[in-house]
Amino acid sequence: ASENPEEKDPFTSSIRDIEIVDQWCANVLAIRKRDSFWHSQIAAMLLACKITPGAKKRAAKALAIDGENWRASSLLASKVSAEEGIEILKPVISRLGSDHEWQQCYLNRSGYSTMYFILAEKTLWLPGEGFYAAIYFVKTAMRIEPTDYPRDVRFLQMCADRKEWLHYIELLETIANSSNVLEEHALSELMILCVFDMTQTKQLPLMLRAALHTDRVKFIVDAFQDCVEKLEARGDRARLCYIRYYYGRGLNALHNGSPKAIEQWRKAIEEGAGPDLLSSLISSIAPYYLQKAINAAAAHDEEAASINLDKIQTLLPEDVPESSVMLPPAIYIVRYHARKNDLVQAKLIARDIVRKGIEILTDDIEDNDLPAYKELLWLFIALDDKENVMAIRSLIAARYKESDSLSCEGECGASWNIADEMFWCQDCINVKFENLCYGKLDETGFPVLFCNKTHELLHLPKIDSPQDGYVPIGEGVIPVDEWMQRIQRDYIDLVR
């Protein structure tokens with residue numbers, strides 16, 4: 001609200017404002033008697049301004065003049081009870097469904113699709129099989145008009161929330177197989193839209209999950225490829241980088257650890273991925289080269305091991321400071337030496353990371369503490385330093401209750417608190433699993449990840465009652481300052 005009560009928010013209108021506009025238009029156009037279409041347009045304006053009672057009243061007035069006004073029927077049906085809405089819509093849909101000439105107009109067809117969406121929304125409230133009947137209506141709506149993206153996403157999310165993966169993927173296939181005069185490839189446009197729309201960004205990983213659950217990975221990969229081609233033609237590099245990230249994950253699942261995935265991820269880095277995405281790209285690519293380096297070292301091929309370590313070190317572009325990414329490539333180099341049991345070399349490389357972390361945590365700026373804790377957490381995971389991993393988890397859980405949620409990288413999609421029990425991959429560094437998915441990793445793995453049963457995973461038990469200002473060490477707790485001194489001694493002074 002405005003600080004000055006005399007000022008008015010320019011983006012809101014009262015029913016009186018709309019009545020003034022209504023009368024002004026009538027005067028200018030010399031309208032003596034408002035027809036049904038006029039009232040339905042005013043009703044739509046009232047609804048857009050969230051004046052629902054006024055909108056319903058105008059829609060009812062429009063229908064009183066012309067009972068076949070489909071716009072008024074659609075609007076009124078959307079704002080009454082489920083039973084009333086269905087009763088209003090069904091005869092209108094039946095009548096217009098056989099009017100092929102009326103459907104030739106794009107705007108009419110779009111409105112017809114909206115009616116089916118509203119019918120689906122109302123059907124959801126019915127007892128019994130309401131959800132499945134609603135999905136039938138949604139598919140019908142999408143076949144008529146596939147580009148009502150907000151409603152498309154709403155029902156996709158509904159399927160994901162219920163873990164109805166087959167219905168989720170069938171909705172995507174319906175969008176992909178439908179077209180209109182404005183857009184031949186509606187699915188790729190929806191996927192592109194999802195990149196930066198904060199209400200829709202989680203649909204891209206959900207699309208991959210649905211594809212994995214239903215064995216439709218190639219379908220999703222082809223859709224991502226279409227997105228890449230479109231964005232390359234448009235020169236939209238910001239969205240292109242994000243699409244390449246998910247396209248790579250799909251390729252990895254389709255081809256079981258394909259170098260094609262690495263190619264897409266490296267292109268995203270070369271095209272200027274931002275810091276957050278860059279961290280995700282590094283944590284996707286580095287485990288691949290780390291595994292190759294470890295295998296080469298085991299085969300006594302030091303040259304091949306060195307080549308793959310160089311590929312990790314050069315993942316960070318020259319013009320990007322290491323401090324700008326959450327998970328620097330150096331942590332994977334530390335992990336390589338830890339896997340070889342060369343802890344002296346591992347700690348020498350880790351030294352600068354620890355020093356930087358301590359500096360951040362001991363300054364007077366609290367806003368940058370959480371990223372520093374996370375970087376140290378990843379480092380200690382790579383070093384198999386479970387005591388310090390437990391200490392940092394406890395600190396994060398005590399101080400950042402609203403910011404410490406983690407997600408399982410397996411197929412369950414579960415989320416938990418950083419103090420909860422989990423298994424954390426020490427080779428992927430930023431991949432963690434809950435118990436059931438950990439068991440499946442050992443059996444079959446997860447196609448979208450490079451993580452596999454040859455990797456070493458750290459079992460992290462639940463931390464009960466974390467205390468701010470103290471960290472668990474051994475059987476007891478010590479103050480944070482004392483813990484910092486221990487880290488200084490062990491990782492910077494290298495006393496231990």
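1. Arg489 is partly exposed, with a relative accessible area of 34%, where buried means under 20%, exposed over 50% and partly exposed in between (1.4 Å probe, protein chains only). Arg489 forms a salt bridge with Asp490, and the closest N and O atoms of this pair are 2.8 Å apart; a salt bridge here is a side-chain nitrogen of Lys or Arg within 4 Å of a carboxyl oxygen of Asp or Glu. Asp490, at 4% relative accessibility, counts as buried.

2. A word on the basis of these remarks: the model is predicted, so that local features need pLDDT of at least 70 and side-chain atom pairs count only at pLDDT 80 or more, while totals for chains, interfaces and linings use all residues. Residues are numbered from 1 along each chain as its sequence is written, and side-chain values use heavy atoms, with hydrogens and water left out.

3. For the overall picture, the protein chain has 23 helices and 7 strands, taken as DSSP runs (helices H or I, at least four residues; strands E, at least two) and numbered from the N terminus. Its C-alpha atoms fill a box of roughly 90 × 55 × 45 Å along the principal axes, and of the 496 residues in the chain, 50% are buried.

4. The whole structure holds 26 salt bridges. In one of them the side chains of Glu121 and Arg154 meet at 2.5 Å, N to O, and this pair links distant parts of the chain, since Glu121 sits in helix α7 (residues 106-123) and Arg154 in helix α9, 33 residues apart. Arg154 is partly exposed, at 40% relative accessible area, and a network of salt bridges links Glu121, Asp148, Arg151 and Arg154.

5. Arg355 is partly exposed at 31% relative accessible area, whereas Asp352 is exposed at 54%.

6. Two surface patches deserve a look; patches are made of residues with over 30% relative accessible area and no salt bridge, like charges being joined within 9 Å and nonpolar side chains (Val, Leu, Ile, Met, Phe, Trp, Tyr) within 5 Å. Glu359, Asp363, Asp364, Glu366 and Asp367 form a negative patch, in which Asp364 lies in the loop between α19 (343-361) and α20 (369-382) and counts as exposed at 80% relative accessibility. Trp24, Val28 and Leu29 make a nonpolar patch of about 360 Å²; Leu29, in the loop between α1 (15-28) and α2 (36-48), is exposed at 54%.

7. How many disulfides does a search of the whole structure find? The search finds 0, with a disulfide taken as a pair of cysteine sulfur atoms within 2.5 Å. Cys408 is in no disulfide, and its nearest cysteine sulfur, that of Cys412, is 3.6 Å away. For Cys194 the closest cysteine sulfur, in Cys227, is 9.3 Å away and therefore too far for a bond. Both Cys194, at 0% relative accessible area, and Cys408, at 7%, are buried.

8. Backbone geometry is worth checking at two loop positions. Most residues other than glycine have a negative phi. Lys163, in the loop between α9 (149-161) and α10 (165-176), has a positive phi near 55°. Asp384, in the loop between α20 and α21 (386-399), has a positive phi near 60° and is partly exposed at 46% relative accessibility.

Definitions and conventions: Areas by Shrake-Rupley, 256 points an atom, 1.4 Å probe, with all protein chains shown as cover. Lys, Arg positive; Asp, Glu negative; His and termini not counted. Charge placed at Lys NZ, Arg CZ, Asp CG, Glu CD.
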